[in-house]
Amino acid sequence: MTFDRRFRRKAANTLFVGLCALATLLALSALGLIMWSLLKQGFGGINLNIFTRDTPAPGSIGGLRNAIVGSAMMCGVAMVIALIVGILAGTWLAEYGGDSAYGHVVRFLNDVLLSAPSILVGLFVYELVVRPFHGFSGLAGGVALALIAAPVVTRTTEDILRLQPNALREAGVALGAARWVTIRKIVWRGAGGGLLTGGLLAFARISGETAPLLFTALNNQFFALDLTKPTASLPAVIFQYALSAYDDWRGLAWAGALLIALTVLSINIIGRVIIARGNTRP
Amino acid sequence: MADIPLTAPRPTRAASKGAWFDPIFQFACLSAATLLLAALGGIIVSLAIGGWPALHKFGLGFFTDTTWNPVTEVYGAAGPIAGTLITSALALILALPIALGVSVFLVEFCPRRAAQPIAIAVELLAGIPSIVYGMWGLFVLAPWFALHVQLPLMMNIPAGSVWEKVFYGVPNGANIFTASLILAVMILPYMAAVFRELFLTVPAQVRESAYGIGCTPFEVVRSVTIPYVRSGMVGVIMLGLGRALGETMAVTFIIGNAHGLPQSLFDSGSTLASTIANEFTEATGEMHTAALTALGLVLFVITFSVLAVARALLLRQRQD
């Protein structure tokens with residue numbers, strides 16, 4: 001009787017552990033499968049042309065230069081805006097008004113904004129920027145991306161600043177430093193690695209975003225540095241080329257997808273290394 | 001502190017250098033925080049204004065009509081709404097057990113040394129851009145699914161049975177089910193990460209005392225860990241749902257983009273987000289644009305309520 005019961009409990013436990021391990025294996029194999037197809041389909045397409053030539057007409061040789069440059073410019077604009085807004089907002093939440101009622105509202109809605117569908121941000125920026133100025137532009141794309149990155153930066157900034165010991169702030173005040181000097185020279189400096197990681201993660205998040213660019217930056221077949229005109233971006237080009245009927249365009253789309261995935265994954269890993277270093281520091 | 005009379009002469013001290021900038025700095029920080037609120041408010045207002053003509057013209061019928069016809073200018077959102085809800089629910093059902101399994105494995109059973117790398121690998125799944133999932137789904141998953149799942153199923157189902165209706169569809173792998181599958185892979189890492197965070201908040205004493213009276217690890221997880229984080233778990237589920245509802249590019253690639261109500265599990269369909277992504281830049285007229293914006297408003301209302309509930313539940317768990 002007791003033996004039977006013990007056996008049953010043991011069997012249930014073994015089954016449970018096995019299922020959990022299986023679930024983990026499934027998740028890991030999904031990552032493996034996706035990376036494998038990306039490498040298999042995209043690696044052959046990566047050569048110097050990708051970086052030196054613009055998106056071609058079907059059948060001719062070309063690369064992704066205009067898309068890469070466009071993506072870099074829009075992400076650059078977005079990160080400048082997002083870092084300024086995000087770090088200031090995060091600082092307000094951590095140092096000034098985070099415990100007030102308004103602070104709770106801001107934090108709550110920022111968390112909602114953090115996971116809001118990115119396509120809605122695109123629609124908003126279309127109504128806000130594109131429609132009044134009568135034209136798609138790289139600048140509008142940058143603003144849309146900034147709106148996606150800013151909540152990420154805000155969240156990580158607040159989290160990191162709250163980890164800074166209060167003794168640091170007291171030390172600053174005791175030295176007679178003004179509050180903002182204390183924040184700038186002591187709190188921010190102490191949190192430097194964490195702030196950098198927040199920026200990196202936000203950058204990783206927006207560099208693969210497609211939906212908000214579709215109706216803000218649109219696309220551009222040619223090389224252009226003017227952000228007031230429609231601007232090409234890597235994700236938008238991938239979207240267009242992957243759904244096309246031409247084999248060479250699809251090849252370029254795979255190469256582009258591999259580029260984006262590798263960029264995003266390496267930024268993520270670098271960010272994690274920085275966090276890990278920060279944690280082991282005495 | 002209170003003993004010192006306010007009128008007592010204070011020792012004179014020069015104001016801190018740069019103190020004049022303090023209020024300006026604080027105001028800048030406050031404005032940045034307010035800007036985020038304004039952005040969220042702006043999204044609601046712009047969607048409401050942009051979508052108003054369509055909502056006004058079609059009224060409540062907008063939500064129940066399955067016709068979506070840019071030529072006759074008749075728009076009904078029932079198809080995309082149903083597609084969104086079905087794919088998200090399916091994705092949640094598929095992802096939930098796996099996410100639970102992964103997080104329990106990492107917290108309870110995995111050797112310390114391996115836990116961190118595995119956790120990072122699973123989180124990297126979250127980093128892969130949506131469009132890459134879409135390409136993978138369209139060019140790798142869909143053909144495989146059509147050949148190895150859909151065709152055999154269609155061949156072997158007895159004619160006239162219920163299953164024939166459930167599995168009816170064009171065997172090209174681009175359908176409601178494969179879209180849900182991709183969505184499941186995409187929301188899995190988010191859910192697993194927050195589940196893991198939740199499980200780590202269970203005090204060691206509580207778990208150890210369960211082990212102490214002779215519970216097996218399975219019994220500890222079932223009767224101690226999971227009940228301890230119950231409200232947080234609902235929050236995680238809602239968070240996953242919120243992600244799945246608004247996911248755009250991956251779904252656009254693989255769902256088949258057909259308007260109207262999906263008739264079976266393997267039928268092509270559309271979601272709110274995929275319809276907007278597909279048609280917005282090519283909208284034929286004012287009413288088409290307005291109808292698409294109204295879809296955006298519907299999507300916003302659904303995701304906002306789901307995410308708000310999720311955050312509220314997670315916040316309560318954290319405060320407990």
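What radius of gyration does chain A have, and what would a compact globule of 282 residues have? Good morning, everyone, and let me start there. A compact globule of that length would come out near 19 Å, but chain A has 24 Å. Please keep in mind throughout that this is a predicted model.

Let me stay with chain A as a whole for a moment. Its C-alpha trace spans about 75 × 65 × 35 Å along the principal axes. As for secondary structure, chain A has 12 helices and zero strands. If you read along the sequence, you simply get α-α-α-α-α-α-α-α-α-α-α-α.

Now, the domains. Chain A is divided into domain 1, residues 2–45, and domain 2, residues 49–280. How far apart are the C-alpha centres of these two domains of chain A? They lie 33 Å apart. Where the two touch, six residues of domain 1 of chain A are in contact with seven residues of domain 2 of chain A. The domain 1 side of that contact has three nonpolar residues, three polar ones and no charged ones.

Next, the partner chain. The contact between the chains takes 73 residues from chain A and 70 residues from chain B. Which element gives the most on the chain A side? That would be helix α1 of chain A, residues 2–42, with 19 residues. By class, the side of chain A that touches chain B divides into 54 nonpolar, 13 polar and six charged residues.

Let's zoom in on one helix pair across that contact. Two packed helices are described by the angle between their axes and the distance between the axes. If you want to find the spot on the screen, look on α3(A) for residues including Leu88(A), Trp92(A) and Tyr96(A), and on α1(B) for residues including Cys29(B), Leu30(B) and Leu36(B). By class, this helix contact has 13 nonpolar residues, two polar ones and no charged ones.

Leu36(B) leads us to Asn110(A), because Leu36(B) is among the residues that Asn110(A) touches, and Asn110(A) has 25 C-beta neighbours inside 10 Å and so counts as buried. This asparagine sits in helix α4 of chain A, residues 101–114. Leaving aside residues up to four places away in sequence, Asn110(A) also touches Pro151(A), Thr154(A) and Arg155(A). Thr154(A) is 44 residues from Asn110(A) along the chain, and their C-alpha atoms are separated by 8.0 Å.

For a contrast, take Asp54(A), in the loop between α2 (48–52) and α3 of chain A. With 18 C-beta neighbours inside 10 Å, Asp54(A) counts as partly exposed. Beyond residues up to four places away in sequence, Asp54(A) touches Gly62(A), Gly63(A), Arg65(A), Asn66(A), Phe222(A) and Phe223(A). Phe108(A) is 54 residues from Asp54(A) in sequence, and 43 Å away in space, C-alpha to C-alpha.

Most residues other than glycine have a negative phi. His134(A), though not a glycine, has a positive phi of about 50°. This histidine is in the loop between α5 (118–130) and α6 (138–163) of chain A. Is His134(A) buried or exposed? With 6 C-beta neighbours inside 10 Å, His134(A) counts as exposed. In chain B, Asn257(B) has a positive phi near 50°. Asn257(B) lies in the loop between α11 (249–254) and α12 (272–279) of chain B. Asn257(B) has 19 other C-beta atoms within 10 Å, so this residue is partly exposed.

Let me finish with α12(B). Seven of its eight residues are buried, so α12(B) is largely enclosed by the rest of the structure. Among the buried ones are Leu272(B), Ile276(B) and Glu279(B).

Notes: Residues numbered from 1 in each chain as written. Chains lettered and ligands numbered in written order. Predicted model: local features only at pLDDT ≥ 70, side-chain atom pairs only at ≥ 80, totals over all residues. Helix = DSSP H or I, 4+ residues; strand = E, 2+ residues; numbered from the N terminus. Nonpolar A, V, L, I, M, F, W, Y, C, P; charged D, E, K, R; others polar. Rg over C-alpha atoms; globule rule 2.2 N^0.38 Å. Domains from an automatic or database assignment. Buried ≥ 20, exposed ≤ 12 C-beta atoms within 10 Å, placed from the backbone.
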